[in-house]
Amino acid sequence: MGFNFGSSAGNSNSTINDIIRYYNETTNVLVKDSLLNRLVDNNTSNSNFGGNIQFSNSLKKTDDSSGYSFINFSYRFSVSRSRNLQTTTVTNPLGNSFVVDSLGQDYVSNFINQNISIGYNTNSNRISYNFGLNFSPSIIIGKYQNTGQKLKNYQLNFSPSANLSYQIKDNGNLSFGYNGYTNSPDFNKLQPVRNNNDVQNLIIGNPDLKATSSHTADFSYNKFGLKSGLSIMAGLSGSFAINSVVSNTVFLRDTLNSLKQQTTYENVNGIYNIGANYSLNKRMLDNKLSLSINGIVAYSHNVFYTDNVLNRSSGINVSNAFKFNLNQKKYAFNTSASYSFSSNTYSVMNQNIKNVQVVALSGSASWIPGKRFRINASASKSLNFGYSLYAGNPLLVNMGLNTSFLKGNKLLFSVQANDLFNQGALFSTSITNNSISENRTRFISRFIQATLSYNLSQFGGKKGRLDSNINAEE
């Protein structure tokens, strides 16, 4: 068992200058400038107290060789209190400063969290399994000093879990796992007061949000052939959520008939993911040669709000890769080829917004012409299709040399040349609700690095007991 307590306090200042320009929609002529200078001062204080107790007991005798079984029980609790005072001071064009209450916040929040967990575990020669239940009631109570508004949110989080593993003949294994868990909404998403820190994107929480209940399950098969050298792995997985918390962004008109955003939060159902994966690996020539192929297929379904309209999107991701590895005493060679495809479709007019395909080729080799020399080289080529921005097809080539001098190879010298053609770039695509972001990151990747090092360490001596068992070269 144990107890804990703590307290903290902090202060931060931010100077925010907003310049908003309004233009005529027809002539594109500037109509008005709006300048807002703000000084935001935040004062926070937190205090907490908590404790836990855990109990575990075996259900079998210690000399029972058939396996073990035990139960466990745990209880945790925490009580915390937070105070947040935000003061916003605005400076007008004449240089006069004054506090604006509508741009500030003053609230006190109290959190009471408990967790009760019960589990059972057992293990025998071929089968092992465990299951458990987890209960997490929580209470959030908040009060806003400026407006007198109050917030009270009660959540009962329930999380079951179960895992099963079965050892079959010929080094095979079947396993199944299930986990359910719930997450309470973040306090900032529950606050019913308006957050005006960004005057172009107002945020208002929803005190009626429910906890999100998530469930995941997976099934896998693994087999490793000691004699055949063939390894097989296959798996299925899936997840779904109930009462997921998503944002709802709407557009509002301001006093000059221009647009600004307001974001709130809602609970939705219908978010789920399913997928499958596989891997085959074959080792030959006394494990000097290996061939492998692996891949995944995944489907995702998302639900979100846009301007108070409930929308849906679905995504498909497919990827496969082939690898070849050869390792000899004097040289080694590795190569791989992969292909990936991703597609995302929205329910609005059944729009297929983005199809991205990537073909990646890579290879590396190393050669040891003598005891003190090692030469290595690598190259990779990416073929990108479907990006809106110019993705290019970068070719990356690297080369290096390593050598050693003096007795015991204590002096080491290496030189490495990276990205000889200066084409280094990273590409990524992220999808959030109804928006797709494409990113290309350029970085300094072409350079030559030389390293010279001397090993000063020396262990043992001529009369050491282990001298006769240590090879001089080691």
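Asn287 sits in the loop between strand S15 (271–284) and strand S16 (289–306). Its phi is near 65°, a positive value in a residue other than glycine. Asn243 also has a positive phi, of about 60°, although it is not a glycine. The loop that holds Asn243 runs between strand S12 (230–242) and strand S13 (244–253). These angles, like every value here, come from a predicted model.

**The chain as a whole**

The chain has 474 residues, and 27% of them are buried. Its radius of gyration is 31 Å, whereas a compact globule of 474 residues would have one near 23 Å. Along the principal axes, the C-alpha atoms fill a box of roughly 85 × 70 × 60 Å. The accessible surface comes to about 30100 Å², and carbon and sulfur atoms hold 56% of that.

**The largest nonpolar core**

In soluble globular proteins, nonpolar side chains tend to be buried together. Which residues make up the largest nonpolar core here? There are 10 in all: Tyr107, Phe111, Ile140, Tyr144, Leu151, Phe187, Leu190, Val193, Leu209 and Tyr265. Strand S5 (105–123), strand S6 (127–144) and helix H1 (187–190) each supply at least two residues of this core.

Tyr144 is one of the core residues. Leave out residues up to four places away in sequence, and Tyr144 touches Asp106, Tyr107, Gln149, Leu151, Phe187, Gln191, Pro192 and Val193.

Asn153 belongs to strand S7 (residues 150–168). Is Asn153 buried or exposed? Its relative accessible area is 5%, so Asn153 is buried. Beyond its neighbours within four places in sequence, Asn153 is in contact with Ser138, Ile139, Ile140, Leu190, Pro207 and Leu209. Ile140, Leu190 and Leu209 are among the core residues. The side chain of Asn153 also reaches the backbone oxygen of Leu209, at 3.4 Å.

**His215 and its partners**

Move on to strand S11 (residues 212–224), which contains His215. His215 counts as buried because its relative accessibility is 16%, and the buried class lies under 20%. Which residues is His215 in contact with, leaving aside neighbours within four places in sequence? They are Tyr178, Asn179, Gly180, Gly238, Ser239 and Phe240. Ala241 is 26 residues away along the chain, yet the C-alpha atoms of His215 and Ala241 are separated by 6.2 Å. The His215 side chain makes a polar contact of 2.7 Å with the side chain of Tyr178. Another polar contact, of 3.0 Å, joins it to the side chain of Ser213.

**Thr91 at the end of a strand**

Thr91 is in strand S3 (residues 68–91). Thr91 counts as partly exposed, at 30% relative accessibility. Thr91 and Leu36 are 55 residues apart along the chain, and their C-alpha atoms are separated by 7.5 Å. Apart from neighbours within four places in sequence, Thr91 is in contact with Asn37, Asn96 and Ser97. With Ser97 there is also a polar contact between side chains, at 3.1 Å.

| Residue | Partner | Polar contact |
|---|---|---|
| His215 | Tyr178 | 2.7 Å |
| His215 | Ser213 | 3.0 Å |
| Thr91 | Ser97 | 3.1 Å |

**Aromatic rings**

A pair of aromatic rings is described by the distance of the centres and the angle of the planes. How many aromatic pairs are there? The count comes to 9. Take Tyr68 and Phe70. Their ring centres are 6.0 Å apart and their planes are at 20°, so the pair is stacked. The cut-off for stacked is under 30 degrees. Tyr68 is partly exposed, at 43% relative accessibility. Phe70 is partly exposed too, with a relative accessible area of 24%. Elsewhere, ring pairs link Phe49, Tyr75 and Phe77 into a cluster.

Conventions: Residues are numbered from 1 along each chain as its sequence is written. This is a predicted model: local features need pLDDT of at least 70, side-chain atom pairs count only at pLDDT 80 or more; totals for chains, interfaces and linings use all residues. Side-chain values use heavy atoms; hydrogens and water are left out. Helices (H or I, at least four residues) and strands (E, at least two) are DSSP runs, numbered from the N terminus. Buried means under 20% relative accessible area, exposed over 50%, partly exposed in between (1.4 Å probe, protein chains only). Contact means heavy atoms within 4.5 Å. A polar contact is a pair of N or O atoms within 3.5 Å; within protein, one must be able to donate a hydrogen and the other to accept it, and residues adjacent in sequence count only if both atoms are side-chain atoms. A nonpolar core is a set of buried Ala, Val, Leu, Ile, Met, Phe, Trp, Tyr and Cys residues joined through side-chain atoms within 4.5 Å. Rings of Phe, Tyr and Trp (its six-membered ring) pair if their centres lie within 6.5 Å; planes under 30 degrees apart count as stacked, over 60 as edge-to-face and the rest as tilted. The radius of gyration is taken over C-alpha atoms; the globule rule is 2.2 Å times the number of residues to the power 0.38. Accessible areas come from the Shrake-Rupley method with a 1.4 Å probe; for residues, only the protein chains shown count as cover.
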